[in-house]
Amino acid sequence: MASSCVDSGHSLVGESPQICQIRRHIDRLSRSRSPVLLLGESGTGKEVVARAIHEGANIGSFIPIDCGSLVAPLMESELFGHAKGAFTGAAETKRGLIELADGGTAFFDEIGDLPLEVQVKLLRLLQEREFRPVGSLTTRKVEIRVIAATHRDLAREVEHKSFRQDLFYRLNVVSVRLPALRERIEDIPLLIDCFLKRLGARHKLTNECLETLVSYPWPGNVRELQNCIERMVAMNSGPLLQTADLPSALQTHLEARRSGVRSVAAVVNGTAPPRLASPQSGIIPLTEMEKHAIRNALEYTKGDRAMAALLLGIGRTTLYRKLKEYGLAV
Ligand SMILES: Nc1ncnc2c1ncn2[C@@H]1O[C@H](COP(=O)(O)OP(=O)(O)O)[C@@H](O)[C@H]1O
Ligand SMILES: [Mg+2]
């Protein structure tokens with residue numbers, strides 16, 4: 001039920017072991033107030049998870065703070081507010097984002113982009129639960145849950161002194177890593193269904209189209225997949241989405257797969273055929289090629305035979321027969 005996509009909102013779609021585990025984390029973290037650090041590549045769902053933790057707790061507002069887009073000179077006043085006359089242009093007292101989040105959750109997105117001088121203020125906020133607006137003489141108390149996210153390797157940033165170690169430790173009390181989409185390809189068909197439903201689209205995909213989407217390495221993760229589906233639906237009145245409807249990055253991937261050139265997935269998974277030194281040395285029995293392809297597909301899908309058959313472009317029964325024939329069945 002948690003993977004349902006009836007709502008258009010923030011529910012986490014997926015049935016892979018990694019996503020099921022993350023759902024359990026969300027449940028547990030909703031009941032605590034300690035800081036959480038969400039790690040993972042861009043587009044893996046860090047904000048979806050942050051919102052889910054907040055919604056589970058069901059108190060106060062969720063205030064997203066995009067650390068990457070805050071402009072340096074105004075950053076402090078955006079976050080902590082300012083007193084009247086604190087600087088030229090500060091005609092009125094202004095409340096900052098932190099105060100808006102009082103009683104709820106402040107979500108620091110791309111926390112690695114926060115400059116060192118603001119990091120120290122955030123640490124104080126986490127430790128003392130208080131802050132001082134720019135130009136104000138007095139401090140204010142707040143009760144906020146801090147959830148931070150980054151696609152960066154913060155431990156490395158600490159080593160390079162671009163991120164404060166004390167703040168890193170304070171934030172890293174609980175960290176959750178969101179897996180890249182290519183590490184949980186079994187969720188791809190579910191996500192596609194969900195996005196089609198959310199768009200109110202009745203489109204279906206051809207097998208080859210689905211196979212291309214499942215084997216593509218998705219550097220932009222779920223966000224890229226979502227954009228891809230939206231684009232395909234917008235450009236095609238349906239009812240069938242075919243490989244010709246795929247956007248250019250996917251077309252390139254499809255061509256690479258078709259022509260046997262090393263596609264990114266093939267390089268990652270070693271499914272590309274061996275390079276030929278001479279015509280003779282290049283003659284490989286087809287059965288060997290087939291065994292190799294089947295083994296790699298099963299490794300890539302972590303043993304999911306239905307998905308492996310889809311990627312190999314053969315029916316499930318054919319795959320079962322070949323597994324038996326080659327003695328690959330376990
Ligand atoms: N597991 C998921 N289920 C459903 N939608 C998801 C999932 N993960 C990401 N998304 C969608 O993908 C997009 C990017 O997610 P987001 O949380 O902003 O990623 P990140 O913060 O890691 O960059 C959003 O539109 C979000 O709704
Ligand atoms: Mg994000």
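Reader: Where does Asp102 lie?

Author: Happy to start there, and please keep in mind that this is a predicted model. Asp102 sits in the loop between H4 and E3.

Reader: Why is Asp102 called partly exposed?

Author: Its relative accessibility is 37%. Buried would need a value under 20% and exposed one over 50%, so Asp102 counts as partly exposed.

Reader: Which residues is Asp102 in contact with, leaving aside its neighbours within four places in sequence?

Author: They are Lys141, Val142, Glu143 and Ile144. For Lys141, which is 39 residues apart from Asp102 along the chain, the C-alpha atoms are separated by 8.9 Å.

Reader: What makes Phe107 count as buried?

Author: Phe107, found in strand E3, has 0% relative accessibility. The cut-off for buried is under 20%, so Phe107 counts as buried. Beyond four places in sequence, Phe107 is in contact with residues including Leu38, Ala50, Phe62, Ile65 and Ile147. Glu47 is also among those contacts; the C-alpha atoms of Phe107 and Glu47 are separated by 8.2 Å, with the two residues 60 apart along the chain.

Reader: And Phe108, what is it in contact with, leaving aside its neighbours within four places in sequence?

Author: Phe108 is in contact with Ile65, Cys67, Leu79, Ile98, Leu122, Val146, Ile147, Ala148 and Ala149.

Reader: Which residues touch the most other members of the largest nonpolar core?

Author: Those are Ile65, Leu79, Ile98, Phe108 and Ile111, in a core of 31 residues. Elements giving two or more residues to this core include strand E2 (62-66), helix H3 (72-80), strand E3 (105-109) and strand E6 (145-150). H5 gives the most, with five residues. Apart from this core lies another of 29 residues, with Leu191, Cys228, Ile229 and Met232 among them.

Reader: Leu191 brings me to helix H8. Which residues of helix H8 are buried?

Author: In helix H8 (residues 188-198), they are Ile188, Leu191, Ile192, Cys194, Phe195 and Leu196. These buried residues pack against strand E8 (204-205), H9 and helix H10 (221-235). Just after H8, Gly200 takes a positive phi of about 70°.

Reader: Why are H9 and H11 called roughly perpendicular?

Author: The axes of helix H9 (residues 207-215) and helix H11 (residues 248-258) cross at roughly 100° and come within 10 Å. Angles of 65 to 115 degrees count as roughly perpendicular, and therefore the label applies to H9 and H11. On the H9 side the contact is made by Glu208, Glu211, Thr212, Leu213 and Ser215, and on the H11 side by Leu250, His253, Leu254, Arg257 and Arg258.

Reader: What is there to notice about the phi of Glu110?

Author: Most residues other than glycine have a negative phi. Glu110 has a positive value, near 50°, and is not a glycine. Glu110 lies in the loop between E3 and H5.

Reader: Is Glu110 buried or exposed, and how do you know that?

Author: Its relative accessibility is 15%; that is under the 20% limit, so Glu110 counts as buried.

Reader: Where does Lys161 lie, and why is Lys161 given its accessibility label?

Author: Lys161 lies in the loop between H6 and H7, and its phi is positive, about 65°, although Lys161 is not a glycine. Its relative accessibility is 65%, and over 50% means exposed, so Lys161 counts as exposed.

Reader: What about Ser136: buried or exposed, and on what value?

Author: The relative accessible area of Ser136 is 8%. With the cut-off at under 20%, Ser136 is therefore buried, although its place is in the loop between strand E4 (130-131) and strand E5 (140-141).

Reader: Finally, what pLDDT does the protein average?

Author: The average is 88, and 89% of the residues score at least 70. Over residues 1-9, the pLDDT is below 50. Residues 261-268 also stay under 50.

Notes: Residues are numbered from 1 along each chain as its sequence is written. Chains are lettered from A and ligands numbered from 1 in the order in which they are written. This is a predicted model: local features need pLDDT of at least 70, side-chain atom pairs count only at pLDDT 80 or more; totals for chains, interfaces and linings use all residues. Side-chain values use heavy atoms; hydrogens and water are left out. A nonpolar core is a set of buried Ala, Val, Leu, Ile, Met, Phe, Trp, Tyr and Cys residues joined through side-chain atoms within 4.5 Å. Buried means under 20% relative accessible area, exposed over 50%, partly exposed in between (1.4 Å probe, protein chains only). Helices (H or I, at least four residues) and strands (E, at least two) are DSSP runs, numbered from the N terminus. Contact means heavy atoms within 4.5 Å. pLDDT is the predictor's confidence in each residue, from 0 to 100. Axes are lines fitted to C-alpha atoms, for helices over the stretch in contact, and angles run from 0 to 180 degrees between N-to-C directions. Angles under 35 degrees count as roughly parallel, over 145 as roughly antiparallel, 65 to 115 as roughly perpendicular and the rest as oblique.
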